[in-house]
Amino acid sequence: MRQRWYNLLFAHWRMDPAALRGAIPPGLELDTFDGSAWLGVVPFGMSGICLRHTVPLPWISRFLELNVRTYVLAGGRPGVYFFSLDAANPLAVRVARTWFKLPYFDAAMSMREAPGGWIEYESRRTHRGAPPASFRGRYRGVGEPRRSQAGSLAYFLTERYCLYTAAHGALYRGDIYHDPWALQAAEAEIQENTMAAAQGFTLPPEPPVLHFAPSIDTIEWALRKA
């Protein structure tokens with residue numbers, strides 16, 4: 001598939017590895033940086049979504065998404081593990097749950113570009129039978145975009161080129177390609193955030209590490225067994 005991701009906020013909290021280790025499936029190893037695990041809450045928009053060599057279809061090619069994630073290894077290869085992915089397109093949710101075996105949930109979501117470069121973002125989970133989860137706040141990038149250096153925390157948190165998921169006792173990997181991230185430092189005012197709590201995680205009182213990316217074009221491959 002081809003996709004464009006835009007107006008991304010990477011909000012990451014330093015976590016005790018013991019708090020996350022039991023929540024990832026067998027076959028995955030929790031990836032840590034300086035001895036700490038990291039939990040990310042990432043709101044953004046998606047556009048231009050289509051299978052390669054096809055054109056985007058208007059009813060599924062553009063919607064908002066907000067994911068809760070951590071970082072893992074399988075066979076030494078780093079990747080992303082998603083605890084939840086909320087999206088504002090019911091058809092996309094069903095396709096992703098079936099095709100990519102990912103924990104997508106229906107949500108009512110909005111994004112608005114406000115004066116001063118602020119992105120105002122709201123999400124409220126509406127998925128039947130799922131734990132309630134919501135996010136409300138605003139964020140923006142500050143300073144010039146820069147590519148992160150290998151070995152830095154920003155590189156660890158964002159330069160991930162595959163995802164892992166599990167279904168029916170099997171572990172799967174989906175490969176992703178994009179250019180290296182051009183990240184800005186970010187500031188955010190978060191009024192409500194129960195995304196992690198919905199997964200049973202308690203965020204620490206320390207403020208999150210924040211990064212912003214205006215947009216990036218990506219290519220995704222079908223899942224295969226890891």
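Predicted model: local features only at pLDDT ≥ 70, side-chain atom pairs only at ≥ 80, totals over all residues.
Reader: Okay, and what caps the N-terminal end of helix 2?
Author: Asn89 does, with a side-chain oxygen 3.0 Å from the backbone nitrogen of Leu91.

Reader: Which residues of helix 2 are buried?
Author: Ala92, Val93 and Ala96, in a helix spanning residues 90-99. Buried means under 20% relative accessible area, exposed over 50% and partly exposed in between, using a 1.4 Å probe and protein chains only. Down the helix axis these residues fall within an arc of 105 degrees, so they line one face of helix 2. That arc is taken from the directions from the helix axis to the C-beta atoms.

Reader: Nice. What covers them?
Author: The cover includes strand 4 (63-74), strand 5 (77-87) and strand 6 (104-113).

Reader: Switching to the largest nonpolar core: which members touch the most others?
Author: Trp5 and Trp181, out of 37 residues. Strand 3 (residues 37-50) gives the most to this core, with 5 residues. A nonpolar core is a set of buried Ala, Val, Leu, Ile, Met, Phe, Trp, Tyr and Cys residues joined through side-chain atoms within 4.5 Å. Apart from it lies another core of 36 residues, including Tyr121 and Tyr164.

Reader: What is Trp181 in contact with, beyond four places in sequence?
Author: Its contacts (heavy atoms within 4.5 Å) include Trp5, Leu8, Phe10, Arg146 and Ile216.

Reader: Now strand 12. How many bridges join strand 1 to it?
Author: There are 10, with strand 1 (residues 2-15) and strand 12 (residues 209-220) running antiparallel. Strands count as paired if DSSP finds at least two bridges between them. Tyr6 stands opposite Ser215.

Reader: And how does strand 10 pair with strand 12?
Author: Strand 10 (residues 170-177) pairs with strand 12 in the antiparallel sense over 2 bridges, and Tyr177 has Ile219 as its bridge partner.

Reader: Last one: what stands opposite Arg140?
Author: Glu187, in strand 11. Strand 8 (residues 134-147) and strand 11 are antiparallel, joined by 10 bridges.

Technical notes:
Residues numbered from 1 in each chain as written. Heavy atoms only, no water. Helix = DSSP H or I, 4+ residues; strand = E, 2+ residues; numbered from the N terminus. Polar contact = N/O pair within 3.5 Å; in protein donor to acceptor, adjacent residues only side chain to side chain.
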